[in-house]
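Subject: Structure for you to look at

Hello,

Here is the structure I promised to hand over. Please open it next to this message.

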Amino acid sequence: MKLLAFETATEACSVAVWIDGDVRERFEVAPRRHAELALPWAQQLLAEAGVAKAQLDAIAVGRGPGAFTGVRLAIAIAQGIALALDRPVVSISTLAALAAGARSDATRILAAIDARMGEVYSGAFERRGDDLAAVSKETVSVPGAVELPDGAGDWHGVGTGFAAVGAALQAGLGARLASVDATALPHAADVARLAAVAFARGEALPPERIEPAYLRDNVALTLAEQQALRDSR
C-alpha cells in the first residue's frame, strides 16, 4: 500500500510517504510557510521513493483540530490531489497523530494543542498495537475543564497545550500524569501510520466527503471578550 500524508494544523509543517510500511517524512517548524513547503516536499518524497502519483492508493490528511488556516490548507491539498488522481482520502485526527508520537511505552495518552485565547484542544487515547482508540471526546476548552477518563494506569501528556496558559493543564492534572512533553507537535509520518491501519479497515472516503475538525466556531474574540477572559482568570 502506498499513501501520501499531510499534516499542517499547527506551526509544524510535515509531509510523509508510506510505502508498504516504510515511511519517509519532511518536517519543519515553519509558521506561515506551510503553503510554500507542502507540495514541493510531496514531490520530492515521491521522487526519492521512486513512486509516481498514479501509484498511490490513497491520500491521508490530518483533519485538525488546530489553526484554522493550516487545517483548511491540508484538507484542500489532500482533496485536490485525490480528486485529480481519483483516489480516496483517509482523514486522521491531528490529536490522534500527536498521541501516536508519544513515547513508545505510553499506552494512555492525553494529547493537547494550544488553541490560543486561553484554551486548549484535547483528546484522550489508548494505544492498541499499531492503532489508537479515542477514549474521550475531542474538545476545545479552558485547561481547567479538561478531564481524564476514569480507570487505573498512568497517563502521558503530549503537545503544546501543556505549555499554554502558564502550563495550567499540567498543573491541574498533577499526579495523574506520569510524563509530559509540552514541545511535541504532530507529524505526517504518524498520520500516515494511522491512515494505513484505517485504510485496511475500509475507512477511506471520497475526497468530497472529508471535513475539517475545527471544534471552535469563533476564530477570534472581540476586545470585550478578551478582557472578560482576562478578568475571569
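Predicted model: local features only at pLDDT ≥ 70, side-chain atom pairs only at ≥ 80, totals over all residues.

Five strands make up an open sheet. Their order is β3-β2-β1-β4-β5, and the pairing is mixed. Strands β3 (22-29) and β5 (89-92) sit at the edges, so to speak: each pairs on one side only. On average, neighbouring strands are turned by 15° against each other, direction ignored.

Ile 59 stands opposite Val 89 of β5.

Helices on the sheet

Both α1 and α2 pack on this sheet. Helix α1 touches β1 (2-7), β2 (12-19) and β3. The direction of α1 makes about 20° with that of β2. Helix α2 touches β1, β4 and β5. The direction of α2 makes about 175° with that of β4.

Helix against helix

Helix α1 covers residues 34-49, and α2 covers residues 68-85. The two pack at an angle of about 30°, with axes 11 Å apart. Angles under 35 degrees count as roughly parallel, so α1 is roughly parallel to α2. The crossing is right-handed.

Which residues make the contact? From α1 come His 34, Ala 35, Ala 38 and Leu 39. From α2 come Leu 73, Ile 77 and Ile 81. By class, six of these residues are nonpolar, one is polar and none is charged.

Best wishes

Technical notes. Residues numbered from 1 in each chain as written. Heavy atoms only, no water. Axes fitted to C-alpha atoms, helices over the stretch in contact; angles between N-to-C directions. Helix = DSSP H or I, 4+ residues; strand = E, 2+ residues; numbered from the N terminus. Parallel < 35°, antiparallel > 145°, perpendicular 65-115°, else oblique. Left-handed = near helix turned anticlockwise from the far one by under 90°. Contact = heavy atoms within 4.5 Å. Nonpolar A, V, L, I, M, F, W, Y, C, P; charged D, E, K, R; others polar. Pairing = 2+ DSSP bridges.
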